[in-house]
Amino acid sequence: MLSTDVLIIGGGLAGLSAAKALEGKKDYLVAERENRPGGLAATLKKGPFLFDYSGHLLHLRWPETSRFILDALGGNCARVKRDARVFAHGAWTPYPFQANLRALPPRVKSECVSGFLAAYAARQAQAAGKAPPRGNKPEVFTRWTRRVFGDGISKHFMLPYNAKLWQYPLERLTTEWCAPFVPMPSPETVLKGAYGGKPEILGYNTVFNYPKRGGIGALPAALARDLKGLRLGLEVESLDLKKGVANVKHFGPVHFKRLINTSPLKYFVESAADAPAAVRRAAAGLRHNTVYVLNLGVKGVKSPMHWGYFPGPEFLFYRTGIATNFSKALAPRGCASFYIEIATPGSPLDLASAEAAAIKGLKACGLIKSAGQIVEKLWLKIPCAYVIYNRERAAALPVIFDWFKARKAFSIGRYGAWKYSFMEESVKEGLEAAAAILKK
Ligand SMILES: Cc1cc2nc3c(=O)[nH]c(=O)nc-3n(C[C@H](O)[C@H](O)[C@H](O)COP(=O)(O)OP(=O)(O)OC[C@H]3O[C@@H](n4cnc5c(N)ncnc54)[C@H](O)[C@@H]3O)c2cc1C
């Protein structure tokens, strides 16, 4: 039987970062089921185009992980100022919607502004003790967005956009994920954004980094380069954490002393023979959506936009972006590349009709003039894309992570930790798990 000190399930950014930190210091094995490393941060080649799994931009926040990522990329990284927009009521407005209402029809604009001001006044009254307190019950998304942004902004952006993205009843969605990702403007900003002044640049991703060459896949490729324990095409089918044995498809058992899991938590628990009944019950309540990404290589595109959000029901997709506006090296001269994101609750998508609807949408918002401009396409499916923040998640995670702790195992990364996180966070968690193992 093959044995290793540390088995790492998954060669995405979390697994690769952990392996990089263990390299030369501890015996480890990364089992990656695909025949390439990178997970969702991989870049695929189709004809002369390089396509990512939708836009994958580096938002660097922490000094140590920023250094680690930029060192890995060498000089192959550009800093880009965001040009993100929203297409609503037939017009483009800069992102975020709530701070840039100026392009909307007057009726919609005043609904949004008056709703925001009323919500703001109600919150002020509450803070001053002039209104009854909210109580301690966790707030659901529909209530939260009306309380924070008011009825107009909720109706015209927050509710339809999030319904399209999450594909889950919004009255059952909790709000722990909102703080880092949803920009909160002041009343002055909302008024200025509606009636005058320059567009407001708000949010966590006003400037981002992206590789100059090779797409986002340049990052995992750089991390994977010198890893002696990385094995591609190895899928862990089941395991027993207590016995320290993983069964690898077409390969057989692998014995391990410590485990770092980065595969989706819900399915990991299902595959663990020794998971207690309470842990299984907890994992059964976890939910996620599925995202299909239609990548298109297109001639004659003029827009400098990086990406746009589409709340309207007339668009099948919730977001589309122009990847060549981050890096010209993704397409041949004269061509651009689009990524178009369509979410489902997990049900299969009819690709032919989705493609027709996507092209119709691109024409309707003026990003392309005709389907004749399209010269290449690649559909990619992300089966487990956004984990759902439902009440079951909040109750389940402590139960599941107590079990991991008792087994001295780690479950990290966007899907191992079952959260709405970003690439730098996966890198951080990989480095931290490796450091904890090396400390013992
Ligand atoms: C639509 C979308 C857009 C995004 N945009 C951004 C963005 O702009 N910026 C940003 O920072 N982040 C973005 N993210 C998040 C980003 O993709 C993730 O945070 C990060 O790539 C996750 O890395 P990971 O290693 O944690 O997981 P993954 O990339 O999922 O890696 C896990 C790996 O485990 C492997 N695996 C799974 N099961 C098994 C098994 N049983 N055996 C062996 N191997 C297995 C998988 O093949 C995969 O390679 C986006 C995510 C999505 C879905």
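## Ligand contacts

An oxygen atom of the ligand is 2.9 Å from a polar backbone atom of Ala14, and an oxygen atom of the ligand is also 2.9 Å from a polar backbone atom of Leu40. A nitrogen atom of the ligand has a backbone N or O atom of Val236 at 2.9 Å. The protein buries 93% of the 1,000 Å² that the ligand exposes when taken alone (accessible areas by the Shrake-Rupley method with a 1.4 Å probe).

This is a predicted model, in which local features need pLDDT of at least 70 and side-chain atom pairs count only at pLDDT 80 or more, while totals for chains, interfaces and linings use all residues. Residues are numbered from 1 along each chain as its sequence is written, and side-chain values use heavy atoms, with hydrogens and water left out.

## The shell around the ligand

There are 32 residues around the ligand (a heavy atom within 4 Å of it). Glu32, His56, Leu57, Met423 and Ser426 come nearest. By class, the shell has 12 nonpolar, 13 polar and seven charged residues, with Gly counted as polar and Asp, Glu, Lys and Arg as charged.

Helix H1 (13–22), strand S2 (28–32), helix H12 (413–416) and helix H13 (423–439) each supply at least two shell residues. H12 gives the largest share, three residues. Helices (H or I, at least four residues) and strands (E, at least two) are DSSP runs numbered from the N terminus.

## Domains

The protein is divided into domain 1 (2–41 + 59–80 + 211–287 + 388–439), domain 2 (96–199) and domain 3 (289–382), with bounds from an automatic or database domain assignment. The centres of domain 1 and domain 3, taken over C-alpha atoms, are separated by 30 Å.

Seven residues of domain 1 contact seven residues of domain 3 (heavy atoms within 4.5 Å). About 470 Å² is buried between domain 1 and domain 3, and carbon and sulfur atoms give 70% of that area (accessible area, 1.4 Å probe, that two parts lose on being put together, summed over both).

Methods: Polar contact = N/O pair within 3.5 Å; in protein donor to acceptor, adjacent residues only side chain to side chain.
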